Amino acid sequence: MGRILIKDKQMDEERALYNLTDGEVKNCPMDGESVLKESRNIAVVDSEFSLRYPMWHVKGFVLSNSSMDDKTRAALWYSDNGKIEFCSLMGVKAVRECCNIEIKNCNINSAEFGWKCNGISLNDTEITAEYLFLDSKNISLNNVKMHGKYSFQYVEGLTIQNCNLDTKDAFWHSKNVTVKNSVVKGEYLGWFSENLTLINCKIIGTQPLCYCENLTLVNCETEDCDLSFEYSSVNADIRGAIVSVKNPKSGVVVADEIGEIISGGAVIPCNGEIKIRS
């Protein structure tokens, strides 16, 4: 049997395309709830969504050149093995508990994006999300411009390259995270993280990288970073100046200039070395 083509039709009934299998949907306005639930091996092209729960439990899909407006709540949940490209995703909770999804060249505004996911890649995309990728695993970002607040909390297995992150309490309780060639702006970055590595990055904001285990900075620069590294086990190579360093638990912090070294008054033993590069 050939692939089913559905084109130029209004989908305004609930579950209008339920369990569509081996089909292509093209230029179809969709405003019926759960329109593509339980679909298999589908492509959706040049279509507009304005409905709740459109793509739940979908297995194998391509979504391209399409838009989901702010009424499209909880758009993709429990879906696997998909590609989303050249799309606009504007609804809250757009992606949750999904596996193996590739997202490219998209514009996303979704407050609780990517929760409890596994194997999501985000490329060449701009995203606004208050809580991004909460409690997710095996996530990658490349060339992403991101605006958020409480990003990457409890994430495990995350790589970030060539990104600009404008965030707040990012990477809290994260494990096995590597950030390369990126700007990371926030407050209280990385607290309680484990195996966080930043390479060739610019770090901006107050009280970064405290209570960390096995924290590594390679060839990084800082801006407005005061009270840094408190109670962290850290090896940090900082190029240029840092405002202040306070009570690293262990390891070595090296910078070209340190505005203030704060020691004493610690509630745990702190034996980290703080050095100004000669």
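Let me start with Tyr231, which is buried at a relative accessible area of 8%, where buried means under 20% relative accessible area, exposed over 50% and partly exposed in between, with a 1.4 Å probe and protein chains only. What you see is a predicted model, in which local features need pLDDT of at least 70 and side-chain atom pairs count only at pLDDT 80 or more, while totals for chains, interfaces and linings use all residues. Residues are numbered from 1 along each chain as its sequence is written, and side-chain values use heavy atoms, with hydrogens and water left out.

A pair of aromatic rings is described by the distance of the centres and the angle of the planes. Here, rings of Phe, Tyr and Trp (its six-membered ring) pair if their centres lie within 6.5 Å, and planes under 30 degrees apart count as stacked, over 60 as edge-to-face and the rest as tilted. By this rule the count comes to 16 aromatic pairs.

One of them joins Tyr131 and Tyr150, a tilted pair at 4.9 Å centre to centre with 40 degrees between the planes. Tyr131 is partly exposed at 28% relative accessibility, whereas Tyr150 is buried, at a relative accessible area of 19%.

Returning to Tyr231, its ring centre lies 5.4 Å from that of Tyr211 and the planes stand at 65 degrees, so this pair is edge-to-face. Tyr211, for its part, is partly exposed, with 33% relative accessibility.

Which aromatic cluster do Tyr211 and Tyr231 form with other residues? The cluster consists of Trp172, Tyr188, Trp191, Phe192, Tyr211 and Tyr231.
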